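Thank you all for coming. Please take a moment with the model on the screen, and then I will walk through its two chains in turn.

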Amino acid sequence: MPYIRVSEKLPGIRSLFAFRPETATPMSELAEVLLHQPGTLSPADRELIATYVSSENDCYYCQTAHGAIAAHHLGGNEALVIDVKRDFEHAAISDKLKALLAIAGKVQRGGKNVQPEDVERARREGATDLEIHDTVLIAAAFCMFNRYVDGLATWAPTDLDGFRERAAKVARDGYLGVLGYIAEARASGNGS
Amino acid sequence: MAFRPETAKPLNELAEILLRGPGALSPGERELIATYVSSENDCLFCQSIHGAVAAYYLDGNDQLVLDVKQSAEHAAVSDKLKALLAIAGKVQRGGKNVRPEDIERARREGATDREIHDTVLIAAAFCMYNRYVDGLATCAPDEPNAYRDPGARLAREGYIESTRELAGTSSGAAS
């Protein structure tokens with residue numbers, strides 16, 4: 001049971017966004033810029049980084065939600081998402097993404113773990129400054145999102161079809177849609 | 001921050017709402033939570049700048065900031081803030097470390113749902129800001145006094161105004 005009184009109709013971070021819409025806005029905007037807006041890293045690559053970090057943080061809700069979005073971007077390849085979580089160095093992804101995932105894993109354990117050789121490896125594989133920056137910030141941001149979701153013991157569904165359905169919507173529309181949804185829920189008295 | 005204004009905007013807005021927005025916890029208490037978590041994450045820049053902001057709100061009481069970082073349970077802060085700092089410390093080590101008894105303790109000391117929520121989110125957010133600053137190996141002055149004026153300015157003007165002006169001279173100014 002969640003530690004604070006949040007809507008029972010909403011899972012995971014969405015229940016917290018409805019509880020505190022003021023902070024939901026910048027958090028959703030951050031996810032939108034990092035994961036959905038056009039960039040040189042594909043949305044699939046960025047979602048894989050988010051999923052991998054969430055898995056390392058053992059956050060069921062975030063790794064399942066973002067794993068489903070990654071798989072959607074990958075034409076439904078859920079096996080690849082599982083491979084990345086288990087052992088990304090041997091997964092069927094680019095050498096550049098492997099180098100970025102290695103940086104993300106270091107960030108997950110603490111910012112100071114990132115060493116100059118990690119960044120050099122990523123550059124050798126063709127990563128730009130912006131891609132390295134965004135990898136570090138995606139990893140750091142999911143160290144926030146994961147702790148927020150689990151630190152307040154939010155509820156998460158176990159039905160994977162529900163995650164797949166929502167993933168298709170987020171992959172298409174991005175992360176700002178949740179804000180309108182929450183505003184409506186509050187207006188009709190279902191919010192906090 | 002200056003390198004990527006698109007992400008700086010939500011990062012600064014989140015800090016502004018959590019640390020300076022309307023709330024039952026005082027800005028000084030919220031900055032102490034941010035400073036404590038940054039200290040546990042060993043992030044020199046964040047613990048120094050937010051420690052300076054906290055000290056500004058606490059009438060220049062640098063010693064109390066140090067006491068909280070060294071041993072929150074024995075510092076001269078309220079029992080409610082001690083309970084919230086204990087939750088923040090659990091969040092810093094990982095969300096699942098927060099136990100029902102940690103929440104019950106905070107409630108017993110008078111913490112509301114909103115205060116517990118904000119404590120968890122401040123702690124979680126600083127696990128992001130700290131990793132962002134250290135993961136990209138940004139520069140941080142060693143001299144504690146170097147943070148006093150920027151800290152006072154952040155306390156007076158907030159995270160959106162000050163960082164807009166600082167953007168050209170200092171990266172990671174909001175955290």
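**Chain A, then chain B**

If we read chain A from the N terminus on, its elements run α-α-α-α-α-α-α-α-α-α, which gives 10 helices and 0 strands; here helices (H or I, at least four residues) and strands (E, at least two) are DSSP runs, numbered from the N terminus. Residues are numbered from 1 along each chain as its sequence is written, and chains are lettered from A and ligands numbered from 1 in the order in which they are written.

How does the radius of gyration of chain A agree with that of a compact globule, and what is its value? For 192 residues, a compact globule would have a radius of gyration near 16 Å, and chain A has 16 Å, which agrees; the radius is taken over C-alpha atoms, and the globule rule is 2.2 Å times the number of residues to the power 0.38. The C-alpha atoms of chain A fill a box of roughly 55 × 35 × 30 Å along the principal axes.

Among contacts in chain A with a separation of 6 or more, 72% join residues 24 or more positions apart, a contact being two residues whose C-beta atoms, placed from the backbone, lie within 7 Å.

Turning to chain B, we find 8 helices and 0 strands. Its radius of gyration is 15 Å, close to the 16 Å that the globule rule gives for 175 residues, so chain B is as compact as a globular protein of that length. Buried residues make up 51% of the 175 residues of chain B.

Finally, a word on confidence: pLDDT is the predictor's confidence in each residue, from 0 to 100, and chain B averages 92, with 92% of the residues scoring at least 70. Over residues 168-175 of chain B, however, the pLDDT is below 50. Where pLDDT is low, the predicted coordinates should not be read in detail.

How values were computed: Predicted model: local features only at pLDDT ≥ 70, side-chain atom pairs only at ≥ 80, totals over all residues. Buried ≥ 20, exposed ≤ 12 C-beta atoms within 10 Å, placed from the backbone.
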